[in-house]
Amino acid sequence: MELDGRVVVVTGGTRGVGAGIARSFLAAGAEVIVCARRPPDQEVAADGRKAAFTPVDLRDPAAVHAFFDTVAHRHGRLDCLVNNAGGTPYRLLGEGGAQRHARVVELNLLAPMTASLAAYPWLRQARGSVVMIGSVSGTRPSPGTAAYGAAKAGLENLARSMAVEWAPDVRVNSLVLGMVRTELAHLHYGDETGIAAVGATVPLGRLAEPADVGEAAVFLASDRAAYISGASLLVHGGGERPAFLDAATVNKEN
């Protein structure tokens, strides 16, 4: 398979989008290590192969450096880092103090930078790559998740700068995600009726599945993307229909 012998770390790879990414890498033949603060409820596996799990708090730089050193020494190499860990609760800016919002930025921007710096010596040795998992929240207004949107905007810019600084040894790219259906989708979109209604607003007619994100990540990590660095690949099903089109009183279809 195309990633036979490659070693991949997926942060936050124990559930949701991260688990989908890890399964896609397993199916492509890679050795996969997932990390998070807590172990998965069930093993992350695909095609009869399992991802290894290591508990790590990505906000602890010393622990992060020790983790990547252990991975590289145990497996002999590190070929790809997928910075997937992140997230945020819904919180309007005026409803939380600056410290709470800063913790969101820490998890979604500073932690990926910490992980990338810790992984860099090993990635450079393997001429590997970094894949940042971004969000459309970083490209448009993000009411209720403003700190998250700001962090994701920063993450995309960080990836572009890293791609220039670390070339030609390490490629760095971003996946900019729209809405994804995970086991937690009901918390954001409601019941099945709500999820279907939200999916109908997407041009392709549905939310992404974690596997859709995983396949895109495998592509960016593979030799097929050998000349792609500093790029942002939109994985959003066509984006969002502009609200003004529905509000306008002209050009309406009969």
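This is a predicted model: local features need pLDDT of at least 70, side-chain atom pairs count only at pLDDT 80 or more; totals for chains, interfaces and linings use all residues.
1. From α1 the contact uses Gly16, Val17, Gly20, Ile21, Ser24 and Phe25. From α7 it uses Pro210, Ala211, Val213, Gly214, Glu215, Ala217, Val218 and Ala221.

2. What classes do the residues of the contact of α1 with α7 divide into? Nine are nonpolar, four are polar and one is charged.

3. Helix α1 covers residues 16-27 and helix α7 covers residues 210-221. Their axes come within 7 Å and cross at roughly 50 degrees. The crossing of α1 past α7 is right-handed.

4. A second pair to look at is α2, residues 61-75, with α3, residues 98-126. The axes of α2 and α3 come within 9 Å, and the crossing angle is roughly 30 degrees. Angles under 35 degrees count as roughly parallel, so α2 and α3 are roughly parallel to each other. Their crossing is right-handed.

5. Which residues of α2 meet α3? They are Pro61, Val64, His65, Phe68, Asp69, Ala72 and His73. On the α3 side the partners are Thr114, Ala115, Leu117, Ala118, Ala119 and Trp122. By class, the contact of α2 with α3 has nine nonpolar residues, three polar ones and one charged one.

Conventions. Residues are numbered from 1 along each chain as its sequence is written. Side-chain values use heavy atoms; hydrogens and water are left out. Axes are lines fitted to C-alpha atoms, for helices over the stretch in contact, and angles run from 0 to 180 degrees between N-to-C directions. Helices (H or I, at least four residues) and strands (E, at least two) are DSSP runs, numbered from the N terminus. A crossing is left-handed if the near helix is turned anticlockwise from the far one by less than a right angle, and right-handed if clockwise. Contact means heavy atoms within 4.5 Å. Ala, Val, Leu, Ile, Met, Phe, Trp, Tyr, Cys and Pro count as nonpolar, Asp, Glu, Lys and Arg as charged, and the others, Gly among them, as polar. Angles under 35 degrees count as roughly parallel, over 145 as roughly antiparallel, 65 to 115 as roughly perpendicular and the rest as oblique.
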